[in-house]
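Here are a few notes to read alongside the model. Have it open while you go through them.

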Amino acid sequence: MMVEIRRLLENQQKWTVEELQSLYDCISGEPEFCNALVKLLADPERQQAASWLLKQALETGQDVTRMDWSPYYRSLSELQNWETQLHLLQCLPYLTINKREVKQLEPFLRRCLQSENKFVRAWGYNGFNELALQHADFKPEVDSLLAAALEEEAPSVKARIRNILKQRLSHGF
């Protein structure tokens with residue numbers, strides 16, 4: 001499966017959403033689909049498409065409970081493309097973040113908060129919130145980060161922060 005997805009993704013560098021959706025529809029039912037995508041995150045030429053496909057799989061409810069997510073977390077320090085960073089940030093609400101993975105995730109999130117791209121910054125805050133939801137020792141820092149962001153960030157980032165705060169209220173966090 002890994003070789004097949006790698007081969008499919010080598011045909012072009014840039015994909016449209018329609019092309020990726022079509023590819024997803026064709027191969028998402030294959031066994032080990034998500035495992036193959038997670039491994040492809042380490043491939044700079046394929047990580048953007050692989051991250052989109054992975055996000056799509058998580059959003060559509062693919063069963064990933066028994067997966068090894070260590071390649072996902074290891075790939076975070078290498079990501080340069082803002083779209084790939086965004087996709088992987090958008091995957092976080094679907095993942096369990098183990099203590100050992102915090103060491104890889106936290107520096108990535110801090111880097112995202114410094115990004116020039118507003119979408120990456122907005123979802124970086126969301127990522128920190130996900131981290132705090134699963135590791136309460138981050139809650140005080142995340143509270144401060146979110147409060148500061150409401151004062152200093154661009155309006156589009158503030159909109160994401162407000163959504164995070166609404167979600168927290170509805171969950172009693």
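This is a predicted model: local features need pLDDT of at least 70, side-chain atom pairs count only at pLDDT 80 or more; totals for chains, interfaces and linings use all residues.

**Notes on the helix packing**

1. The buried residues in H6 are Thr84, Gln85, Leu86, His87, Leu88, Leu89, Gln90 and Cys91. That makes 8 of the 10 residues in this helix, which runs over residues 82-91 and is mostly covered.

2. What do the buried residues of H6 pack against? Their partners are H4, H5 (70-75), H7 (99-113) and H8 (118-134).

3. Next, H2 (residues 17-27) and H4 (residues 47-59): their axes are 10 Å apart and the packing angle is about 60°. The two helices are therefore oblique to each other, and the crossing of H2 and H4 is right-handed.

4. Which residues make up that H2 and H4 contact? From H2 you get Val17, Leu20, Gln21, Leu23 and Tyr24, and these meet Ala49, Trp52, Leu53, Gln56 and Ala57 of H4. Sorted by class, the contact has 8 nonpolar and 2 polar residues, with no charged ones.

5. Last one: Ser28, in the loop between H2 and H3 (33-40). Is Ser28 buried or exposed? Its relative accessible area is 14%, which is under the 20% cut-off, so Ser28 counts as buried. Leaving aside residues up to four places away in sequence, Ser28 touches Phe33 and Gln62.

Conventions:
Residues are numbered from 1 along each chain as its sequence is written. Side-chain values use heavy atoms; hydrogens and water are left out. Axes are lines fitted to C-alpha atoms, for helices over the stretch in contact, and angles run from 0 to 180 degrees between N-to-C directions. Helices (H or I, at least four residues) and strands (E, at least two) are DSSP runs, numbered from the N terminus. Angles under 35 degrees count as roughly parallel, over 145 as roughly antiparallel, 65 to 115 as roughly perpendicular and the rest as oblique. A crossing is left-handed if the near helix is turned anticlockwise from the far one by less than a right angle, and right-handed if clockwise. Contact means heavy atoms within 4.5 Å. Ala, Val, Leu, Ile, Met, Phe, Trp, Tyr, Cys and Pro count as nonpolar, Asp, Glu, Lys and Arg as charged, and the others, Gly among them, as polar. Buried means under 20% relative accessible area, exposed over 50%, partly exposed in between (1.4 Å probe, protein chains only).
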